Amino acid sequence: MSLRLSTVILPYRRWHEGGRSAWTRAEQLGFHTAYTYDHLSWRSFRDGPWFGAVPTLTAAAAVTERLRLGTLVTSPNFRHPVTLAKELISLDDISGGRITLGIGAGGTGFDATALGQEPWTPRERADRLGEFLPLLDRLLTEDAVSYVGDFYSAHEARNIPGCVQRPRLPFAVAATGPRGLALAARHGQAWVTTGDPKLFENGTAEQSDRALRQQADRLADACAAIGRGVGELDRVLLTGFTPERNRLLDSVDAFVDFAGRHRALGFTELVVHWPIADSDFAADEKVFERIAMEAPAQLKE
């Protein structure tokens, strides 16, 4: 089974002060996709610079040619399907059809309250995603959409000419619970996980592998329930949140070992964070680049 290597570039640097160079370097290094977080701010970066995902990806599309681009992940926390669809169609056009939308239910971080609302419960987040995602699917595939739901509405929303990618740009659905996995099975071209968050602090690599296998099994069950083959979906692991954290970036050998184990679990794409000094994503940039250039060849052996 082939395994793609991608990266996620956090939007914390001004475009002309290192922001642009990371995206162009990602293409030079041969990454399959470069994603960015779609947040208004995030954790320890809250009191520092942080830029919007869609404008950042638009700029990245203008300075790259082959690199796929995307979000990991967009959520309903501060998005509406109608306005998001228009932005995505524009971004897909500007990039020449190189956009993947990572999408999930969101969490309880800063995005959850930035618009002045109380944080939604897990059930409320799942309810909203359950309406958001099918409506977004329609908005990206139909010329005109009208819809009235419990949380979102559209009135003769026009999205002509639609996406460059047909029938629409791919969805990579982040999910571990039954309702999210059902959405991934029905609407996704890929499934995204970060592993089991309960294992992050004190879990072992073996426990993490077992939890990931169980998540993948539940995805397979969700696909079987609607008569879809689970092999039709790519399986994406966003690294950095398992017990091994960023130790997989300590050396090429460490990464190849990690990647080989997760390829055996059925993953088709691993996403590593672009190094950020003095953060949870600190890593040796020279080793990081060696991993990008050397590891894919070793994983083909």
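Predicted model: local features only at pLDDT ≥ 70, side-chain atom pairs only at ≥ 80, totals over all residues.
How many nonpolar, polar and charged residues does the lining of the second largest pocket have?

View 1. The volume of the second largest pocket is about 150 Å³. Its lining consists of 13 residues, and those closest to the centre of the pocket are Arg13, Arg14, Trp15, Phe51 and Thr56. Two elements, α1 (15-28) and α2 (53-63), each give two or more residues to this lining. Helix α1 gives the most, with four residues. Sorted by class, the lining of the second largest pocket has nine nonpolar, two polar and two charged residues.

**View 2. The largest pocket and its lining.** The space in the largest pocket amounts to about 1,400 Å³. Its lining is made up of 47 residues, and Val73, Gly106, Gly107, Ala174 and Thr194 lie nearest the centre of the pocket. The elements that give two or more residues to the lining are the strands β3 (68-74) and β8 (190-193), together with the helices α4 (122-141) and α5 (178-187). The largest share, six residues, comes from α4. By class, the lining of the largest pocket has 20 nonpolar, 18 polar and nine charged residues.

**View 3. The pairing of helices α4 and α5.** The axes of these two helices, α4 and α5, come within 10 Å and cross at roughly 10 degrees. Because angles under 35 degrees count as roughly parallel, α4 is described as roughly parallel to α5. On the α4 side, the residues that meet α5 are Arg123, Ala126, Asp127, Leu129, Gly130, Leu133, Pro134 and Asp137. On the α5 side, their counterparts are Arg179, Leu183 and His187. By class, the contact of α4 with α5 has five nonpolar, two polar and four charged residues.

View 4. Asp209 is found in helix α6, which covers residues 205-225. Is Asp209 buried or exposed? Its relative accessible area is 13%; since buried means under 20%, Asp209 is classed as buried. Which residues are in contact with Asp209, leaving aside its neighbours within four places in sequence? They are Arg261, His262 and Leu265.

Notes. Residues numbered from 1 in each chain as written. Heavy atoms only, no water. Buried < 20%, exposed > 50% of the residue type's maximum accessible area, 1.4 Å probe, protein only. Contact = heavy atoms within 4.5 Å. 1 Å grid on protein atoms, 1.4 Å probe; cavity = no way out; pocket = protein on both sides within 12 Å on 5 of 7 lines; lining within 4 Å. Points joined across faces, edges and corners; volume = space filled by probe spheres on them. Nonpolar A, V, L, I, M, F, W, Y, C, P; charged D, E, K, R; others polar. Axes fitted to C-alpha atoms, helices over the stretch in contact; angles between N-to-C directions. Parallel < 35°, antiparallel > 145°, perpendicular 65-115°, else oblique.
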